[in-house]
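Student: I have a structure open and want to learn how to read it. Where do we start?

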Amino acid sequence: MTKVVKLKKGLNINIKGKAVNELVDSSKSNLYAIMPTEFPGIIPKLLVKPDHVVKAGTPLFFNKHNPEVKFTSPVSGKVIAVERGARRKILRIVVEADAELQYEDFKKGDLSSLKREDVVDTLLNSGVWPFIRQRPYAIIANSKDTPKAIFISGFDNAPIAPDYNFILKDQLDEFQNGVNALAKLTEGKIHLNLDGEKENIFSSINGVEVNQFFGKHPSSTIGTQISHVDPINKGEIVWYVNPQDVVIIGKLFSKGIYDAKRILALTGSQVNAPKYYNTMVGAKMETIAKDNVNEDNSRYITGNVLTGTQTEKDLFLSFYDSQVSVIPEGNYYEFFGWIMPRFNKFSMSKTYFSWLMPKKEYALDTNTNGGERAFVMTEQYEKVVPMDIYPVELLKACMAEDIDKMENLGIYEVAEEDLALCDYVCTSKTEAQETIRKGIDLMIKELS
Amino acid sequence: MKALRKLLDNIKPHVEKGGKFHALHAGFDAVETLFYVPNTVTKKGAHIRDAIDLKRTMFVVVIALIPTLLFGMWNIGHQHFLSIGEAAEGTMFDFFLFGFIKMLPLIIVSYVVGLGLEIIFAQSRGHEVNEGFFVSGMLIPLIVPIDTPLWMVAIAVAFAVIIGKEVFGGTGMNIWNPALIARAFLFFAYPSDMSGDKIWVEGLSDLSVVADGFSGATPLAVMAAEAGETVTNFASGIGNWSIMELIIGSYPGSIGETSVIAIGIGALILLFTGVGSWKVMFSTVAGGLAMGFLFNVLAPADHVFMNMPAYFHLIIGGFAFGAVFMATDPVSATQTSTGKYIYGFLIGVIAVIIRVFNPAYPEGMMLSILLLNTFAPLIDFYVVQGNIKRRLKRIKVNA
């Protein structure tokens with residue numbers, strides 16, 4: 001049964017710099033990197049050293065806690081560095097790519113005849129498995145679990161998010177293959193959740209349950225969608241995959257290779273011409289940002305401006321994101337800013353005038369717009385969390401490290417992205433995403 | 001503007017950690033952030049943040065209070081000239097000027113004492129000065145009788161800031177509304193100066209000859225005094241005041257509480273900007289009206305107060321002011337949405353009960369709000385329990 005979900009709560013933030021529907025090749029990069037720090041809860045154990053020669057799909061490291069889960073090189077070439085940070089923590093493994101890519105051979109196969117174990121093995125060995133994540137906790141799925149359903153969010157309405165209708169328009173066959181592979185992993189349904197307000201290209205996809213979502217962000221986040229379609233109770237597990245990663249899974253079974261190609265949107269008000277780039281997982285930021293970004297006082301973010309990670313131009317693209325945002329830093333003083341009308345600022349509250357101009361696009365910067373304060377205003381978080389959850393109470397339980405209460409109040413149903421807007425709207429400038437991740441980490445530690 | 005920034009930048013190194021005048025950093029921060037939105041950028045979490053901050057939020061409340069403040073100033077003068085029998089000679093400006101001069105010291109004392117203490121606490125605790133007192137400092141002068149001695153105001157403010165707020169950890173942590181704590185402190189510590197018919201009009205207690213027919217009693221006091229007598233005709237108002245006068249607010253009372261029109265303008269500002277919770281305001285009014293109607297239905301013929309039309313409760317005394325500016329304080333109110341309806345409704349109900357049945361203290365709003373402040377966490381607790389039960393039920397349905 002197709003579900004139609006209409007959400008009233010939420011907030012769309014109009015930022016300048018949405019990518020236009022134009023796809024270009026990124027400039028050639030010969031350096032690629034995989035960053036273990038991107039995977040929460042993973043302790044990396046290296047399998048390669050500098051000078052090792054690898055192919056696309058050769059394991060670089062595995063998770064100490066779960067050795068089955070391997071992380072592989074997106075390209076063929078030579079490992080040139082293992083960069084470490086404080087306390088010798090591995091930051092990234094850098095591979096210098098060959099001119100012509102060589103691929104590890106994985107079992108190609110007719111999905112209709114493959115067994116679940118075969119599919120799982122291939123996914124694990126090829127390093128594609130980490131694209132499959134689970135709720136609760138928003139961590140890499142455990143191959144020993146059987147999820148009650150698999151969710152794919154076919155749209156993204158975070159600020160200046162990429163449009164999957166554009167990204168996937170020529171890759172629907174592989175998307176279908178990916179869906180077929182995922183179907184082997186669960187006895188439940190595969191939910192493909194779409195933006196009800198738009199025409200979508202996914203009508204030809206079989207084997208999925210299409211759900212229509214109406215409403216503002218965060219209606220595109222997995223946590224919100226799960227809670228309205230098939231909520232998670234204690235002990236239940238749901239897996240989810242990003243749409244582009246479904247394509248990677250599809251190619252793994254149709255071609256027998258780990259093909260880390262990815263289309264990425266370069267967005268933000270500091271980008272001269274926001275558009276889409278053909279690139280690969282782990283490529284250098286420079287290869288897309290070159291000559292197209294106003295470098296002056298800019299912040300590079302992989303992902304969107306709500307949940308993304310701050311990075312640098314000479315670092316690498318992330319494993320999961322389909323978007324890079326570049327926005328101005330807000331490191332300036334503003335004379336009597338708190339009292340001025342400030343027509344160039346966006347606010348959920350009507351103490352500013354942004355409600356008069358719902359179509360206006362803003363060049364928002366990273367200024368916190370005020371100092372951190374004790375929590376005063378109430379019912380702000382509730383306005384941007386369209387779930388049957390009391391976000392403030394849940395965050396308090398996380399701060400108090402009260403496991404029972406966290407469980408009772410719905411810690412299994414949320415992750416950072418679902419509460420990212422709480423960070424944004426908070427009058428007291430409280431960090432909701434950080435608190436919820438700490439709470440999740442505590443749950444993992446205490447319950448495993 | 002540039003020169004000011006330069007000055008601040010020059011001073012800054014001396015008050016930062018390790019500087020000679022580190023002991024003054026909280027005060028410096030307060031001044032700096034008053035003039036400039038700081039240059040801090042996001043370090044974790046969302047990279048962009050809403051333009052609203054606590055300063056602007058509190059500032060909106062202060063703006064919403066201005067109509068009541070201006071009207072209060074006029075009314076101080078108006079009542080004073082009425083009491084000496086010269087109201088006909090005075091112009092509106094005379095009234096206002098008189099009130100302004102009388103009111104200003106109250107406001108100054110309130111802010112100086114309150115902000116001084118806030119800065120000292122911020123300094124010793126190592127956090128920034130919180131804007132909460134922006135509002136409390138304006139509320140306190142508005143809810144005291146005009147004749148309150150300044151030293152009493154100073155002590156009440158100190159009590160409110162220290163015992164009402166800082167012992168709990170400062171703004172955001174307090175259990176009760178600090179402004180009402182100040183008012184309650186005055187009422188219970190100096191009852192003789194806070195009650196009676198003389199205190200509500202400037203200079204009335206020292207006046208040897210009062211104008212003919214003038215009484216300094218508040219409408220609530222008149223109502224309380226009339227208990228047991230025959231029912232008056234409410235269509236003509238209460239005592240000497242017509243309904244219209246009660247709505248406009250030209251009667252004796254605490255400075256800011258009398259005019260429903262001025263309070264209404266403030267309420268519109270709070271509701272439109274979303275700074276004040278409409279749920280609390282709406283349900284408080286609903287609670288007061290509901291209880292008033294209930295009394296009307298149940299009233300024995302000889303109980304004047306119970307027979308008073310329900311809507312009179314909204315236009316006399318501090319009910320409207322409390323509903324708009326006090327009950328909506330987000331810190332001491334309930335935090336959950338459902339909780340806000342319950343909290344507001346009970347405030348209205350209990351305020352009217354106290355008014356009608358407690359002749360010793362005719363104004364029930366203050367006590368009612370403080371009482372519900374106390375119970376707000378309990379209300380929230382049960383609302384959240386409801387959410388937990390829903391979640392557990394879901395498991396049972398699935399199982």
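Tutor: We will go through a chain contact, a pair of domains, a strand and a helix. Keep in mind that this is a predicted model.

Student: How many residues of chain B are in contact with chain A?
Tutor: Interface size is often given as the accessible area lost when the parts come together. Here we count residues instead. 51 residues of chain B are in contact with 62 residues of chain A.

Student: Which elements of chain B give two or more residues to that side?
Tutor: They are α2 (25–35), β1 (36–37), α3 (54–83), α11 (260–273) and α17 (365–398) of chain B. The largest share, eight residues, comes from α17(B). By class, the side of chain B that touches chain A has 21 nonpolar, 19 polar and 11 charged residues.

Student: Which strand of chain A is joined to β1(B)?
Tutor: Strand β21 (residues 334–335) of chain A is, by two bridges, and the strands run antiparallel. Look for A:Phe335: its bridge partner in β1(B) is B:Tyr36.

Student: Now within chain B. What are its domains?
Tutor: The domain assignment gives domain 1 (23–38 + 55–209) and domain 2 (221–392). Their centres, taken over C-alpha atoms, are 22 Å apart. Domain 1 of chain B puts 36 residues into the contact, and domain 2 of chain B puts in 30.

Student: Which element gives the most to the domain 1 side?
Tutor: α3(B), with 15 residues. The residues of the side of domain 1 of chain B that touches domain 2 of chain B divide into 24 nonpolar, 10 polar and two charged.

Student: How do I read a strand?
Tutor: In a regular strand the side chains alternate between the two faces of the sheet. Take β18 (residues 298–302) of chain A. A:Ser298, A:Tyr300 and A:Thr302 point one way, A:Arg299 and A:Ile301 the other way, and all are buried. With five of its five residues buried, β18(A) is therefore largely enclosed by the rest of the structure.

Student: What does β18(A) pair with?
Tutor: It pairs with β20 (residues 323–328) of chain A, antiparallel, over five bridges. A:Ser298 stands opposite A:Pro328 there. Three bridges also join β18(A) to β19 (residues 309–311) of chain A, again antiparallel. In the hairpin of β18(A) and β19(A), six residues lie between the strands, and A:Gly303 takes a positive phi near 100 degrees.

Student: And a helix?
Tutor: An α-helix has 3.6 residues a turn, so residues three or four places apart point the same way. Now find α9 (residues 416–425) of chain A.

Student: Why is α9(A) described as largely enclosed?
Tutor: Because 10 of its 10 residues are buried. Among them are A:Glu416, A:Leu419 and A:Tyr424. What covers the buried residues of α9(A) includes α4 (222–229), α7 (391–400) and α10 (432–447) of chain A.

Methods: Residues are numbered from 1 along each chain as its sequence is written. Chains are lettered from A and ligands numbered from 1 in the order in which they are written. This is a predicted model: local features need pLDDT of at least 70, side-chain atom pairs count only at pLDDT 80 or more; totals for chains, interfaces and linings use all residues. Two residues are in contact if their C-beta atoms, placed from the backbone, lie within 7 Å. Helices (H or I, at least four residues) and strands (E, at least two) are DSSP runs, numbered from the N terminus. Ala, Val, Leu, Ile, Met, Phe, Trp, Tyr, Cys and Pro count as nonpolar, Asp, Glu, Lys and Arg as charged, and the others, Gly among them, as polar. Two strands pair if DSSP finds at least two bridges between them. A residue is buried if 20 or more other C-beta atoms lie within 10 Å of its own, exposed if 12 or fewer, and partly exposed in between; C-beta atoms are placed from the backbone. Domain bounds come from an automatic or database domain assignment.
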